[in-house]
Amino acid sequence: MKTIGRYVRPYTLIVAVTMLLKLAAAVLDLLIPSFLARIIDDAVPAGLRSGIFFWGGIMLACAVLSLFTNMYANRIAARTSSQMTRTLRHDLFSKLSYLSAAQLDQIGIPSAVSRLTTDTYNLNQLFNRVQRIGVRAPILLIGGVTITLIMDPALTLVLLATLPFIGLLVRFVTRRSVPLYTRQQGILDRLVRTVQENITGVRIIRALSRVPHERSRFEAVSQDLSGTEEKAGSIMALTNPAASFILNIGLVLVVVTGAYLVNAGRSTTGNIIAFLNYFTIILNAMLGITRVFVMYSKGKASALRVEEVLLMPEDLPVLQAEAPVSSPWHIQWEDVCFSYNKRQDNLSAVSFALRHGETLGVIGATGSGKSTLIALLLRLYEAGSGRILIDGQDIRTIPRKTLYGKIGVAFQNDFIMSDTLRENIRYFRDIPDEAIRQAVEDAQAGEILQDKEHGLLHRAAVRGQDLSGGQKQRLLIARALAGTPEILILDDASSALDYQTDARLRGALARNYPQATKIIIAQRVSAIMRADHILVMDEGRIESAGTHEELMKTSSIYREIADTQMSLLEGAAHV
Amino acid sequence: MSNPQVIGGGRMSRMERSGDGRRDSGPKVSRAKTMRRLWRYMGVHRGLLVLSLILAVVGNALALLGPRLSGTAIDAIGLGQGEADFPVIIRMAGFMAMAYLVSAVIGYILSRVMLRLRRKVVTRMRRDVFNRMVSLPVGFFDRHQTGDLISVITYDIDTVNESLSSDVIQLLRSLVTVVVSLVMMLVIAPQLVLVFLVTVPASALYTRWATGRARPLFRERSAQLGALNGMMEQMMDGQRTTKAYAREEEVISNFDRANDAAVSAYARAEYAGTLVFSSVNFINNVSLALVSVFGGLLYLAGGVGLGDISAFVQYSRKFSGPINETASIVGELQSAFAAAERVFRLLDAEPEPQDALGANVLSGVRGDVRLENVTFSYLPQVPVIRGLSLTARPGDVVAIVGPTGAGKTTIINLLMRFYDIDSGRIMVDGKDIYALTRESLRGAFTMVLQDNWLFHGTVYDNIAYGRPGASRDEVEAAAKAAMIHNFIMRLPQGYDTPIGDKGHAVSKGQAQLLTIARAMLGNARMLILDEATSDVDTRTEQRIQKAMLALMRGRTSFVIAHRLSTIRNADHILVVRNGSVIEQGNHENLMKSNGFYASLYQAQFETT
């Protein structure tokens, strides 16, 4: 909770002001009945109408004052809790945005989403209520206890004797319920995931008529969630009745003790009556405080989940730059090894080097490590051993903005936002419209725009569902090109393009981006055969490297791939 | 960045298309109607409700007994030294302790009853929402943010029920207290109750006015939260892309805008809610002042005694306490109503139209498929498919080729009835597909789609999803045929390795092979392969070729592929361009005619 506490601290002063206002309002509320006593004790016996009106007027004045202080304090409370939530959610979102791929894998996207949503809402409520009730209640409690102490210390001590029991109760309830609330949030993650899967897989699920199965799957998670909610609630429900019971027993003791005191002439009946009145205030305040504790334990579960993210160490820090070494190579890999699970290598001993403007083609079977190569070059994951250099500089020492500013990348099935095509290509960068149009042209995406009534301002549907696979890919390539990158990476980014379009794309790349060093991952030999270097990947290793002609001689895998694809050419020739 | 459609936000999107999903009903939903619908959820559990009502009355009555018992005890103490009647005091104390104990126990039972009620209502509401979700047209999900939908099923349902379970019972309790106190006050000094004739209606009117003002704020709050959720969900999905372009700062500042909007909508609504509370507190204080003044005047006029005023004041405080609480609850109810509206709006979303009356179950499928002059558009006036006709005989392999964006995938959407056509006819085995049950129609197809959908579960679960109850051997055989068995065996727990979100990472190609294995388990008579091997490398593709052919054997197959090699052997090739078939025939004929197909085919060997 320490980290979350930091979000409250900047508001200490303003919370203090709210507290003072609430104090004033509470005191006014406490005073109003005492003016009634004035009317009854002073004005009425003296038969003074003016006195009655006078005190009545004061009561009204107090009421008005109390109204305004309360309103103002509530406004501040709503505002500060919103500010806190905003900052917290901002920080959480930022942190999540900067998490390394491995860290985000560890949390999982659905859980990240529910931490951003339900967990921050829980905390917002906690902030808000604590300010409103959490302040008023203790003030009423302390005020009430002080007044009763002055009136009759002995009786007050009897009442106070019950407080430790309430403390034990609150401790018991929070101890038992926090783990349950944590579990509840975990199940909520599962529920979110189930809904998410049902949305993304809607076509398959419908096609396989698995809707009933999905229903029962959802039902199971939902029941589990409801069950845990009920369990946690049952423990929480103990708080109110148990706390009022303990306090009421205190009251009974007060009456009995009071009877002895009055009987012994050490107190008066009037005192006991007044005491009982203030007791109601104390009781309500105490219940208010326990309610805050209840909210606290629910908030705590959420706070812990949010904190877990906030406290994640910075992964892949930028290292101290060494003295720049001039290097003839633009991109250079030295003996790079990597493993996702730290057991079995997914890449081993990968070395290669590229000069500015050269093109590297990468080909290989599914799962041979092609995409891992890209992930490492982008420093989405960190190489286990070996070095990756750009212009002689270890990528671990290049500031993120500089590194990514050099690179334009199109992943295979990448992310399309529900926003305009223009915004999807621009992707939050400062790119003039002409550059966007040029990129669209080069990516062979022009015809997509022709189809759409609003051209670049066409709004893509959620997850780009209104675009075909090929259209999406061209949009992603346009995104990669729009920044005129130094390094252009196409990770199987044109697999859904027909050959004609693909060929035109390659032409445009060669013509209009001669400076860019290109890394092209593909399954079609035709897409990479003109590359300056070709890597043939197999089970995480470079099986062989060279130009198309060399590889045709040296690599059996490459030859096999090429032959199967080329035999078709002959087949076509026969027709 | 804004979202396409926000549930309950009352915003229409340009993506709207009649025929699927229909328009969301407008934002104005009468509160009475929302209440009635909520009541339908609560009302089913009348037994529990009645029980809780009884418990609330009894528990509260016992609690109200306390002051009377203590009063008797105080009378027994007497006014001076040595007058105390201890047996009575002790007896009363005993009664008090008993009353409080019973009241506490009843209070706890009441809470448990309400929790049980809440559990039932929540589960049912979630079930209803989910059931509605799975019956919505596919197009609905193309238009709504996932995060927004999730927000309904989690946050909104939760808000509704939080309030139903705690607030309703609180209202019940308050009602009892108010009635009892009112009776007591009437007994003590009916004249003074007149004061409440002023203050109570004032409270009521004010509350009504203030809640009327707060309602749009709460609606706005729910809509803004939905939009924010949608955005957060989307940008989490795009985290890797954002990273690769180092656009975190910009994304975050974009996020900040949505966050600010949501937060300030939240604060405005929250404040409006508390305003009701403070104002009612004010009115109560005023009524106390009025009671004191009039009480004093009445006393001077000889109307009431001093003790009466004191007792009256005590009860009036008991009376106003619950009214205070009620006022603060009203704020919470507002947010519950706004959330309920969103829940109901989703429940009201038009599901896929019912199967036609007397729709037949497609059985004994042969696999004869005919499209006649089909026209379709996602957006009105922007036809994607124009006058498309197509014939596939049982067992035919029909390849659909054409430039990207020509409408190939749309044909699949229409065949499967994910979207409904605008005009023309689609027939399977000579039966109009609109006269068939959707389930039997879709069940007649096996499909492998471009986006390889895997869910969180084991490898085995994911493959067996294609045919429930498939044996381990069958699953392994399918995996072997799809050339993914070896990969699976290398996973830490083989077929029992969890994959999908948070599970073992699987590459796109591997994911595709898994979905192919899944399809291989299916036994439908018709097959759809939409770029089914686009993520698989050529060598692997070659190796699974045999299995793919086996998969197609005897099935009417619709194949979309860019690699024309895959489709050279198709019985029938449709060349689609701009939504209509421009050429058709088999490979040889099409090559001979040297048209668009031939140029496409040649292009794949051009290497620039």
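Chain A and chain B meet through a contact that takes 161 residues from chain A and 153 residues from chain B, where two residues are in contact if their C-beta atoms, placed from the backbone, lie within 7 Å. On the side of chain B that touches chain A, the largest share, 31 residues, comes from helix α8 (residues 248–300) of chain B; helices (H or I, at least four residues) and strands (E, at least two) are DSSP runs, numbered from the N terminus. That side of chain B divides into 73 nonpolar, 50 polar and 30 charged residues, with Ala, Val, Leu, Ile, Met, Phe, Trp, Tyr, Cys and Pro counted as nonpolar, Asp, Glu, Lys and Arg as charged, and the others, Gly among them, as polar.

This is a predicted model, in which local features need pLDDT of at least 70 and side-chain atom pairs count only at pLDDT 80 or more, while totals for chains, interfaces and linings use all residues. Residues are numbered from 1 along each chain as its sequence is written, and chains are lettered from A and ligands numbered from 1 in the order in which they are written.

**Helix packing between the chains**

- The axes of α10(A) and helix α3 (residues 86–134) of chain B come within 9 Å and cross at roughly 175°; axes are lines fitted to C-alpha atoms, for helices over the stretch in contact, and angles run from 0 to 180 degrees between N-to-C directions.
- This crossing makes α10(A) roughly antiparallel to α3(B), given that angles under 35 degrees count as roughly parallel, over 145 as roughly antiparallel, 65 to 115 as roughly perpendicular and the rest as oblique.
- Among the residues that make this contact are Phe245(A), Ile249(A), Val252(A) and Val256(A) of α10(A), together with Phe86(B), Met96(B), Tyr100(B) and Tyr108(B) of α3(B).
- The residues of the contact of α10(A) with α3(B) divide into 17 nonpolar, 4 polar and no charged.

**Helix packing within chain A**

- Helix α7 (residues 163–200) of chain A and helix α10 (residues 239–263) of chain A cross at roughly 170°, with axes that come within 10 Å, and α7(A) is therefore roughly antiparallel to α10(A).
- In this pair, Phe165(A), Ile166(A), Leu169(A) and Val173(A) of α7(A) meet Thr239(A), Ala242(A), Ala243(A) and Ile246(A) of α10(A), and the contact divides into 7 nonpolar, 1 polar and no charged residues.
- Helix α5 (residues 109–151) of chain A packs with helix α6 (residues 153–160) of chain A at an angle of about 140°, their axes being 6 Å apart, which makes α5(A) oblique to α6(A).
- Val145(A), Thr148(A) and Leu149(A) of α5(A) make the contact with Pro153(A), Leu155(A) and Thr156(A) of α6(A), a set that divides into 4 nonpolar, 2 polar and no charged residues.

**Nonpolar core**

- The largest nonpolar core has 371 residues, and those touching the most other members are Ile477(A), Ala478(A), Val343(B), Ala399(B), Ile463(B), Ala482(B) and Ala517(B); such a core is a set of buried Ala, Val, Leu, Ile, Met, Phe, Trp, Tyr and Cys residues joined through C-beta atoms within 7 Å.
- Helix α8(B) gives the most to this core, with 25 residues.
- Apart from its neighbours within four places in sequence, Ala478(A) is in contact with Ile425(A), Ala439(A), Val440(A), Ala443(A) and Ala445(A).

**Chain organisation and domains**

- Chain B has 18 helices and 12 strands, and buried residues make up 55% of its 608 residues; a residue is buried if 20 or more other C-beta atoms lie within 10 Å of its own, exposed if 12 or fewer, and partly exposed in between.
- Of the contacts in chain B with a separation of 6 or more, 81% are between residues 24 or more positions apart.
- Chain A is divided into domain 1 (2–310) and domain 2 (331–574), with bounds that come from an automatic or database domain assignment, and 55 Å separate the centres of these domains, taken over C-alpha atoms.
- Chain B is divided into domain 1 (31–348) and domain 2 (453–523), whose C-alpha centres lie 51 Å apart.

**Individual residues**

- Arg379(A), which is not a glycine, has a positive phi of about 55°; Arg379(A) is found in the loop between α12 (370–377) and β4 (385–390) of chain A and is buried, with 22 other C-beta atoms within 10 Å.
- Glu539(A), also not a glycine, has a positive phi of about 45°; Glu539(A) is placed in the loop between β9 (533–538) and β10 (541–546) of chain A and is partly exposed, with 15 other C-beta atoms within 10 Å.
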